[in-house]
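Please have the sequence and the model open while reading.

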Amino acid sequence: APARWWGVGRFFLQAGAAYGRYAVRLLRRPWEYRELHKELFGVLFRSFRDAVGPLKGPLIKIAQTLSYLDMDLSPSARGLLTELQHRSPPLAADKIRAVVRRSLGQDPRDLFAEWSDAPLAAASVSQIHLARLKEGARVAVKVRYPGIDRIVKSDLRAVRAFLPLLARATGVRNVRENFEEAKKMLLAECDFRREAAFMDRFRSIFAEDPIISIPAVYHGYCSESVLTMDYVDGQTYAEFKATGTGADFDRAGQALVRFFDKAALQHGLFNADPHPGNYLFKNGRVYFLDFGFCKEWTPEFIGFWKAQTRAVLKNDLPAFAEATKAMGVTNTDGTFNYGELLAGYRATLEKMLIDRKPFRFTPEFVREEGRVIFNKQLGGGKAVNPPEILAFSRLFWGQHAVLADLGARIDYSAFNTFLE
């Protein structure tokens with residue numbers, strides 16, 4: 001729609017101008033880097049809120065992701081992101097019912113024994129409604145916004161025009177290749193049959209786990225636009241954080257870590273959306289709710305990743321360089337410093353595995369992880385970052401940000417069993 005194109009285009013024009021002013025001021029006053037950095041992000045998030053905030057689609061998802069990452073932002077910038085995290089307005093009830101009717105052949109008020117027009121939640125590509133099956137089970141019904149696939153494609157066309165600026169800002173030379181990976185995953189997120197299949201696979205993996213749960217899917221009430229699952233009457237992340245104890249946070253954090261490690265390293269599956277809104281907490285268990293942003297790695301890639309991790313633990317530079325190159329992390333002129341990256345990994349990303357003792361996450365640690373990735377892996381303006389790592393980076397950093405927000409203390413003693 002023209003209004004959406006205008007909003008997206010206006011934001012990117014303002015972002016380009018803000019980045020230009022930041023670059024000039026940084027050259028003049030490099031010793032004020034931290035304050036200039038905070039000011040830049042404050043301007044960018046304010047522009048984003050004003051130009052794009054009321055809309056739906058992938059740009060809102062980007063803002064929601066940034067809202068829970070600890071990026072050393074000013075309080076005003078973080079407040080703007082928090083506002084965006086909760087700003088997605090619900091769609092009118094009649095339009096949601098029309099989607100269900102077209103997808104499943106009946107009005108939801110007839111299809112279900114009970115149906116609530118008031119949404120439980122509204123997100124970037126869908127909203128959730130409470131219902132009851134005629135067999136008696138209470139269910140949460142996720143309904144895709146009509147035309148959201150076109151909105152996603154429209155947003156991505158707008159973003160594509162700014163890929164050269166993004167490449168310059170991040171230092172990633174193959175940014176177009178990573179963009180295509182993001183595009184594929186964002187469009188796949190609009191297919192709820194695919195999401196239901198991933199939920200079944202994850203549910204099977206963790207069927208016997210004492211602290212991890214995935215709601216059951218009711219496939220007879222699912223389509224490409226509708227996903228029906230068990231309703232979980234649990235605490236939201238905010239409620240859990242406000243009422244939980246340190247021991248509660250440690251147990252929940254252990255669930256988040258095991259969910260990723262076991263699914264990825266043993267089964268090649270990972271759910272790359274660690275947004276706090278995707279969890280519920282009940283009776284010492286963490287319920288994982290959203291499986292739209294999932295990916296399956298090849299056994300070959302998992303093998304390279306395991307080899308890289310073993311090399312980090314042994315401080316074996318030749319093996320680390322070989323595995324990291326095989327994963328696709330390099331640069332355009334062949335001068336990538338794998339020694340610096342290995343040292344950075346040992347000091348941050350995999351420090352908790354090396355120390356061999358329970359590790360407590362802090363915001364300061366997560367910020368240092370970000371600096372290692374940006375300066376060691378993406379630094380120099382010549383980096384080539386494989387698309388396979390795009391979603392992994394989102395999950396890894398996002399998960400650690402949630403763990404730091406909880407102040408969770410994690411026992412990694414079982415991790416080596418996943419490397420075998």
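Strand S3 (residues 138-144) is largely enclosed by the rest of the structure, because six of its seven residues are buried; buried means under 20% relative accessible area, exposed over 50%, and partly exposed in between, with a 1.4 Å probe and protein chains only. Helices (H or I, at least four residues) and strands (E, at least two) are DSSP runs, numbered from the N terminus.

The model is predicted, so local features need pLDDT of at least 70 and side-chain atom pairs count only at pLDDT 80 or more, while totals for chains, interfaces and linings use all residues. Residues are numbered from 1 along each chain as its sequence is written, and side-chain values use heavy atoms, with hydrogens and water left out.

**Pairing of S3**

- Two strands pair if DSSP finds at least two bridges between them.
- S3 pairs with strand S2 (residues 126-132) in the antiparallel sense, over seven bridges.
- In this pairing, Ala140 of S3 has Leu130 opposite.
- The hairpin of S2 and S3 has five residues between the strands, and Gly136 there takes a positive phi near 115°.
- S3 also pairs in the antiparallel sense with strand S5 (residues 226-230), over five bridges.
- Val143 is opposite Val226 in S5.

- Side chains of opposite charge can pair when their charged atoms come close.
- A salt bridge here is a side-chain nitrogen of Lys or Arg within 4 Å of a carboxyl oxygen of Asp or Glu, and by this rule the count comes to 16.
- One of them joins Lys142 and Glu195, with the closest N and O atoms 3.0 Å apart.
- This pair links distant parts of the chain, as Lys142 lies in strand S3 and Glu195 in helix H10 (residues 192-205), 53 residues apart.
- Lys142 counts as buried at 5% relative accessibility, and Glu195 is buried with a relative accessible area of 1%.

**Salt bridges within helices**

- Lys184 and Glu181 form a salt bridge at 3.6 Å, N to O.
- These two are separated by about one helical turn because they are three residues apart in helix H9 (residues 175-188).
- Lys184 is exposed at 52% relative accessible area, whereas Glu181 counts as buried at 7%.
- Glu181 and Lys184 also belong to a network of salt bridges with Lys295 and Glu388.
- Lys351 and Asp355 meet in a salt bridge of 3.3 Å, N to O.
- Lys351 and Asp355 are four residues apart in helix H16 (residues 351-355), so about one helical turn separates them.
- Lys351 is partly exposed at 30% relative accessible area, and Asp355 is partly exposed at 29%.
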